[in-house]
Amino acid sequence: MQRCGHRGALLGVLWAIGLGVSLVWAQTAPPPAPVKAKLERLKIAVAPLGWDTNFTWLNPRSGNLDKRPALEFLVGIDRHTGAYIPELAEKWEMTPDGRNWTITLRQGVKFHETWGEFTARDVRHAVFLITQPEAIQSDTNTWRTLMGIEKTATVEDVAKKVEQGVEIVDDHKVVFHLKQAAPEFVEMICANTDLPIESKAR
């Protein structure tokens, strides 16, 4: 009888302990995750840095944000996938050493007003603008390196280096001869970066 009493008391204690553990667990259970609201529209306000110019080569990238909808690039970006797509360039090819890129340009593209048809000369002109001594675009230093242009180069030096670095095969084909391998070069000429095409007649 005494053993049964001890056993009953022991079972009672264990039951009480189990109940206490259950209560503690119930009290510390994490709350349910809040229901996320559906995002209907995302608005982002971006203020340029205050540069008062339409000349893209005189602005860093942030200073050109308000102008980007009006700019054209050699390579576009698919808005759904982020993939490179033809824009002013129909196709692009790299040599195995990564230093020479042949760009075939779209034909029949007109600049606004009376600035004529887009050609290979406009591509060379755009590279000249982004590498000239007064240029301050975000990618200017990278372009100067690719063209082999020193920081102390004069306008004449820059023009000569760009003429060597951007070979005009015909009106609708250019070959970039880079001073170092750049397998990521397609990124340098796409709409993510800072080489909008400017008219040579501007």
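Contact here means heavy atoms within 4.5 Å, and angles run from 0 to 180 degrees between N-to-C directions, with axes fitted to C-alpha atoms, for helices over the stretch in contact. Helices (H or I, at least four residues) and strands (E, at least two) are DSSP runs, numbered from the N terminus.

This is a predicted model, where local features need pLDDT of at least 70 and side-chain atom pairs count only at pLDDT 80 or more, while totals for chains, interfaces and linings use all residues. Residues are numbered from 1 along each chain as its sequence is written, and side-chain values use heavy atoms, leaving out hydrogens and water.

Now the whole chain. It has five helices and six strands, in the order α-β-β-β-β-α-α-α-β-β-α from the N terminus on. Of its 202 residues, 33% are buried; buried means under 20% relative accessible area, exposed over 50%, and partly exposed in between, with a 1.4 Å probe and protein chains only.

Next, the sheet. Strands of a sheet pair through backbone hydrogen bonds, either parallel or antiparallel. Two strands count as paired if DSSP finds at least two bridges between them. Here four strands make an open sheet in the order β3-β4-β6-β5, with antiparallel pairing. β3 (89-94) and β5 are at the edges with a single partner strand each, so one side of each has no neighbour in the sheet. On average, neighbouring strands are turned by 20 degrees against each other, direction ignored.

Going through the pairs, β3 and β4 are joined by five bridges, and Glu93 has Thr102 in β4 as its bridge partner. Five bridges also join β4 to β6, where Trp101 is partnered by Phe176. β5, residues 166-170, pairs with β6 over four bridges. Within that pair, Ile168 has Val174 as its bridge partner, and Val166 stands opposite Phe176. β5 and β6 form a hairpin with two residues between them.

What lies inside? A nonpolar core is a set of buried Ala, Val, Leu, Ile, Met, Phe, Trp, Tyr and Cys residues joined through side-chain atoms within 4.5 Å. The largest one has 37 residues, and Leu74, Trp143, Phe176 and Phe185 touch the most other members. Elements giving two or more residues to this core include β4 (100-105), α3 (140-147) and α5 (185-188). α2 gives the most, with seven residues. Leu74 touches Pro86, Leu105, Phe118 and Ile197, among others, not counting residues up to four places away in sequence.

Last, two helices that meet. Two packed helices are described by the angle between their axes and the distance between the axes. The axes of α2 and α3 come within 8 Å and cross at roughly 115 degrees. Which residues of α2 and α3 meet? Val127, Ile130 and Thr131 in α2 meet Thr140, Trp143, Arg144 and Met147 in α3.

Thr142 is also found in α3. Is Thr142 buried or partly exposed? Its relative accessibility is 37%, so Thr142 counts as partly exposed. Thr142 and Thr131 are eleven residues apart in sequence, and their C-alpha atoms are 9.0 Å apart in space.
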